[in-house]
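Let's walk through this one together, question by question. Have a look at the model before we dig in.

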Amino acid sequence: MIPEGKRKIWQDYQKEIAIDRYFYVRSCVRQNFFPASEKVFLKIMREELAKDVYENAAHTTCSGIGYHSDIVPFDTTMTVIARQFALMTEAGYRNFVTSCITSFGLYSEVMETWHHFPDELKKARKYLKQATGREFDLPENIVHASDIIFKFRKEIAGRGRYRLIHHLTGKPLQVVEHIGCHYSKMFPSKSVGGAEYPYVLVGMIEEWGGDVIDYPERRHCCGFGFRQYLIKANRGYSLANSRKKFESMKPYKPDFILTNCPGCPMFLDRWQYTLSEMEGVTYGDQGRGIPVLTYEELSGLMLGYDPWDVGLQVHQVPVEPLLDKIGIPYDPDKKYLGKEGVDLGKPAMPPRLKYP
Amino acid sequence: MKKTVLVIGGGIAGMTAAARLADLGISTVILEKEGEAGGHLRQWDRLFPTRRPGRDVLDYLSQDLNGKADIRLGAMIEEIRKETGEFILTLQSGETLRGDAILFATGFELFDARKKEEYGYGIYDNVITSAELEAVFQSGRPLMTDQGFPPKRVGFVHCVGSRDEKVGNLYCSKVCCVTGVKQAIEIREMYPDAEVFGFYMDLRMFDRFFEELYFEAQQKWDIKFLRGRMSECAENQDHTILLKLEDTLTSRPLKMTVDLLVLLVGFVSSAETLRLATMLGVGIGEDRFLVPEDMHIRAHTTKVPGVFLAGAVKGPSCIPNVIADAAAAAMRIHQYLVHS
């Protein structure tokens, strides 16, 4: 591997990322999958970096899952997105930030459509006006929330309490980075680093002290793939995709996987349990699996937030081995305590995937 | 008074045209940016389809030209302008040259394989270009992987940077197919036990004896040709290259590992050619090669009187065609100078 070759490509894929005054739109599914991630993002932005991040409760789905499942027609999607832009316009913001990768891809797709086919923009304006009476301006900057964390990765490192270094050996942790397909595979130029060697997560890992693993199936889908999962009969494909990735990364002995998509951490995390039950196969040290983190969770850990406050107790693969490597303290007795100490109930331990 | 032609480029086209112009009593100045004349041919070990040494042809061209032209090596052009029927060319050294006509014989550059990011050139240790493979043959050294082992499995990817909308090159570079076949045979000659694969869209064996070479590659050398464009490759932990492609004849996805991957890079027009052409107002095609006045019947003249084209500056071409084209360009220039 010639790292310099990647750096040359990364130089070709720079993008403008606004530095403040963000209109933030949440994901439909992330609050169920990894409920603290968005909260951690907002905390970092507002409390650590003192940024103006605005949310609007009237924000809805972007329709991405329905659109990519051929349920929602494109005209409807454009109108729904026009409505989100109207909310942004009414609030006086111009920098649009999505929490969801599919939303980011869809917003980019709609913006490209409107750029190349201005009549479609006129149509969307007309439909929105007819349906809601609203009007809108186009955003000046559309980014994914991981772009912003990437942008401020040095500041986070500067304020951080921990680094991606094994606290006993002093060696960098070995990290698999996995971007969501809709982040850059549709529009490489709208990403940090392009589609083949995306840099957005690599930049965070490197800045925070870890080493990135480049394994043969790095580009492969996590297994979500929409139709592979949403259509129940296809779920074998979903599992097969995830399995392909795990088998490919296994020889490199990753300490954890870092993701920036709603679906990827979900499937890379949950399917490890499923594969352990179906095939008796586990990955990672001593059958404990390979922990999978969102970039917000990792940012929170680097900044010294309590692991249970960043939502790591809802992961299927136990994260304690990773916390032990970094040297992050945690209270096992508080793992399943919710807000204000409410007992969430301890899940049953799976027979094959090992827990500490 | 003896007329002078300024020939930009000292490769096959420039050398041939200058020799023919000299035969017609016209003096020439060849401006070659490199330290030696001969162009890409200098780096080519053996030529298709005969597999004669490239040096043979270069020696012939050099002897043919010997003493007939004023050759300026390392000549970097600052500016060219036309004033009252005369071309004034200024070199970066400050020297000024005057000529009655200009011949663009600037040829081509090889496609930068890094632009096909998915193939990992410049990133993966064992992905090389056809030009780099030719340099190994020319050196006489055995071909080795980056880790110093003889490759047991070698793959050739055809059409790298050619017929590819993604990189903006819709044209065929013509010579890569037969180059790939020739080089595949040469690897099998070097390593009789090596497995060699060619991944192609379709093999364009357009000239005499090319098809025969392709048959020889299959029948005598057992080189396996798989129809299908490669989607991506990745580096395995042992530095071998994992390939993903579709075999479109069997309609099956294919995944395989090779020790060495050779990218058959196509032709592109050089930035310097485009700069000089723009300076003189010579037409540039959508494919970024220079445009003659009429591609069928005035293939050597341009819309700028006194500016002529020869060889691969007009698009991908092979050595015999470049030599013939350059000789024809010399005739056109002679005709122009006689009547001007």
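Q: Which residues in α7(A) do A:Asp75, A:Met78, A:Thr79, A:Ala82, A:Arg83 and A:Ala86 in α5(A) meet?
A: Keep in mind that this is a predicted model. Helix α5 of chain A covers residues 74-91 and helix α7 of chain A covers residues 118-132. By class, their contact has seven nonpolar, two polar and four charged residues. On the α7(A) side, the residues met are A:Glu120, A:Ala124, A:Arg125, A:Tyr127, A:Leu128, A:Ala131 and A:Thr132.

Q: Is α5(A) roughly parallel or perpendicular to α7(A)?
A: The axes of α5 and α7 of chain A are 9 Å apart, and the helices pack at an angle of about 70°. Angles of 65 to 115 degrees count as roughly perpendicular. So α5(A) is, relative to α7(A), roughly perpendicular.

Q: Which strands stand at the edges of the open sheet in chain A?
A: Four strands make up this sheet, paired in parallel, and their order is β6-β5-β7-β8. A strand at the edge has a single partner, so one of its sides is left without a neighbour in the sheet. That picks out β6 (211-213) and β8 (292-294) of chain A.

Q: What angle does the direction of helix α14 of chain A make with that of β8(A)?
A: Helix α14 (residues 263-279) of chain A packs on the sheet, where it touches β5, β7 and β8 of chain A. Its direction and that of β8(A) make an angle of about 165°.

Q: How many residues of domain 2 of chain B are in contact with domain 1 of chain B?
A: Chain B is divided into domain 1 (4-108 + 269-339) and domain 2 (113-267). Their C-alpha centres lie 31 Å apart. Domain 1 of chain B brings 14 residues to the contact, by class seven nonpolar, three polar and four charged. From domain 2 of chain B, the count is 21 residues.

Q: How many charged residues has the side of chain A that touches chain B?
A: The contact between the chains takes 13 residues from chain B and 15 residues from chain A. By class, the chain A side has seven nonpolar and two polar residues, and its charged residues number six.

Q: What ipTM does the model score?
A: Chain B averages a pLDDT of 96, and 100% of its residues score at least 70. For the model, pTM is 0.93 and ipTM is 0.89.

How values were computed
Residues numbered from 1 in each chain as written. Chains lettered and ligands numbered in written order. Predicted model: local features only at pLDDT ≥ 70, side-chain atom pairs only at ≥ 80, totals over all residues. Pairing = 2+ DSSP bridges. Helix = DSSP H or I, 4+ residues; strand = E, 2+ residues; numbered from the N terminus. Contact = placed C-beta atoms within 7 Å. Axes fitted to C-alpha atoms, helices over the stretch in contact; angles between N-to-C directions. Nonpolar A, V, L, I, M, F, W, Y, C, P; charged D, E, K, R; others polar. Domains from an automatic or database assignment. pLDDT = per-residue confidence, 0-100. Parallel < 35°, antiparallel > 145°, perpendicular 65-115°, else oblique.
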